Amino acid sequence: MRKDVTTSMLETDISNIWGSIEFSDLMKMEPRLSKAHETLAEGTGEGNDFLGWHHLPSRTTEAELDAIQKAANQIRRDSKALVVIGIGGSYLGARAAIEFMNGVMHNETDPVKIYFAGNHLSTRALNALVDRLENIDFSINIVSKSGSTMETAVAARMFRWLLNRKYGPEKAKQRIYVTTDPMKGKLRALAKEEGYVTFPIPSNVGGRYSVFTACGLLPMAVAGIDIRSVMAGARRAETELDVRSMDNPAWLYAAARNLMYENGKKIEMLCSYEPDFEYVGRWWQQLFGESEGKDGKGIFPACAQFTTDLHSMGQMIQQGERTLFETVVRFQKEPRELKIETDWKNMDDLNYLAGKTVDYVEENAYQGVVTAHVDGGVPVLVLKCGPMNSRMLGYLLYFFQLSCGISAYLLGVNPFNQPGVEAYKKNMMTNLGC
């Protein structure tokens, strides 16, 4: 087995974790990995009624993609803004994809602004969004499997009322798009009653695994992202990552993180040097947090953006309690270079970098950080990816979903339930007198 395993789009580099785990222990993981992958692929484990995501890339039809694209085109014709109303997996995948592809400042330049609501209960934030929409045409996409999640339901009612006031009830209906359970739930009943355009969240796909359904694809398409290219990347991952050996980068990732957990590394920090990756990290955080954090077990998922967070968390990472490991996601260099110019006064003493690129500085920063953290007792996994494009996005999201399922079965928990999430909801409903 090689230390570094390569597919054509993603490589799991484990060269900076030795000392925290032993090679012999990694090799002993192979039977457990094989069993976990088999349990997932054959649907013999707990949560097997929520495995619809596993073959979504290959089983999503052209007709389904056509319907999503048609709706997106209509929204782009009708509106200057789309409000995606959802929480957790109902919005994180869409936001992650849009920022990954179009940048964190996408709303400054994109012809259709994408806003997100229904993921908080902040009066201040909702008022600000209402004010922003006051003088522009907009549509909404309500995303909820049940329709009963409080944050989403409150925002959905508010923005439906706003549309009714602005356009009248009948015209407002033409601006409301619903993504929900295909058969049941309050939102399905409402959509049927009012005649809204609807898209299904398959009953065997949980929210945090729903990015390749209309949950993620409709907002992506409205943002101008090529959803067929995203799905092509995911299909490639579905095929390439079905390898049942240590040549599978998903196996290496799942094995390494579980071995480090068994050796006392209880926190995983997912890091990238790209600001546009931030919400992929937040999506990953929910994926692994809800899938693994149960039965008194689980690696705590945290996110950081380097080099930014090195100036706030760097001291803790370097010299804090040694319960942390990092997973760094690296992408190919941007084709458009940005060079550092010469300044004849040289008051900042940076002329030694004149003619160098920002990529050159960033690469040296990255190498320095890895060396410092490893020397300081923080193991570093590296996921080496291709360029930041739509195919890579689809591939990477599927890679994390598969790795998460395998990793949770290695841990001995059901990857597809979230019983603890309901606790605060029950208390809130009691407090509200429901």
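Hi everyone, let's start with the second largest pocket: 22 residues line it, and those nearest its centre are Glu274, Gln332, Lys333, Glu334 and Asp359. Before going on, please keep in mind that this is a predicted model.

The space in that second largest pocket comes to about 630 Å³. Which element gives the most to its lining? That would be helix 16, with five residues. Helix 16 covers 358-375, and along with strand 10 (324-330) and strand 11 (380-385) it belongs to the elements that each supply at least two lining residues.

Now over to the largest pocket. About 1,300 Å³ of space lies in there. It is lined by 45 residues, and the closest to the centre are Ser144, Ser146, Ser148, Thr149 and Lys425. Helix 8 has the largest share, with eight residues. By class, the lining of the largest pocket splits into 19 nonpolar, 15 polar and eleven charged residues.

Helix 13 runs over residues 249-262 and helix 17 over residues 390-411; their axes come within 9 Å and cross at roughly 40 degrees. On the helix 13 side the contact includes Trp251, Tyr253, Arg257 and Tyr261, and on the helix 17 side it includes Phe399, Phe400, Ile406 and Leu410. The residues of this contact divide into 13 nonpolar, three polar and one charged.

Helix 11 turns up in both of the other pairs. Its partner in one is helix 4, residues 62-78, and the two pack at an angle of about 45 degrees with their axes 8 Å apart. That angle makes helix 4 oblique to helix 11. The crossing is right-handed. Helix 4 brings Leu65, Ile68, Gln69, Ala71, Ala72, Ile75 and Arg76 to the contact, while helix 11 brings Ala214, Leu217, Leu218, Ala221 and Val222. Sorted by class, that contact has ten nonpolar residues, one polar and one charged.

The other partner of helix 11 (residues 214-222) is helix 5 (residues 92-102); here the angle is about 35 degrees and the axes are 8 Å apart. This crossing is right-handed as well. Ala94, Ala97 and Ile98 of helix 5 meet Cys215, Gly216, Pro219 and Met220 of helix 11. The contact has six nonpolar residues, one polar and no charged ones.

Finally, two backbone details to look up in your viewer. Which two residues does a cis peptide bond join? They are Phe306 and Thr307, with omega at about 5 degrees. Thr307 sits in the loop between strand 9 (300-305) and helix 15 (314-319). The other detail is Asp295, a residue other than glycine whose phi is positive, near 55 degrees. You'll find Asp295 in the loop between helix 14 and strand 9.

Notes. Residues numbered from 1 in each chain as written. Predicted model: local features only at pLDDT ≥ 70, side-chain atom pairs only at ≥ 80, totals over all residues. Heavy atoms only, no water. 1 Å grid on protein atoms, 1.4 Å probe; cavity = no way out; pocket = protein on both sides within 12 Å on 5 of 7 lines; lining within 4 Å. Points joined across faces, edges and corners; volume = space filled by probe spheres on them. Helix = DSSP H or I, 4+ residues; strand = E, 2+ residues; numbered from the N terminus. Nonpolar A, V, L, I, M, F, W, Y, C, P; charged D, E, K, R; others polar. Axes fitted to C-alpha atoms, helices over the stretch in contact; angles between N-to-C directions. Contact = heavy atoms within 4.5 Å. Left-handed = near helix turned anticlockwise from the far one by under 90°. Parallel < 35°, antiparallel > 145°, perpendicular 65-115°, else oblique.
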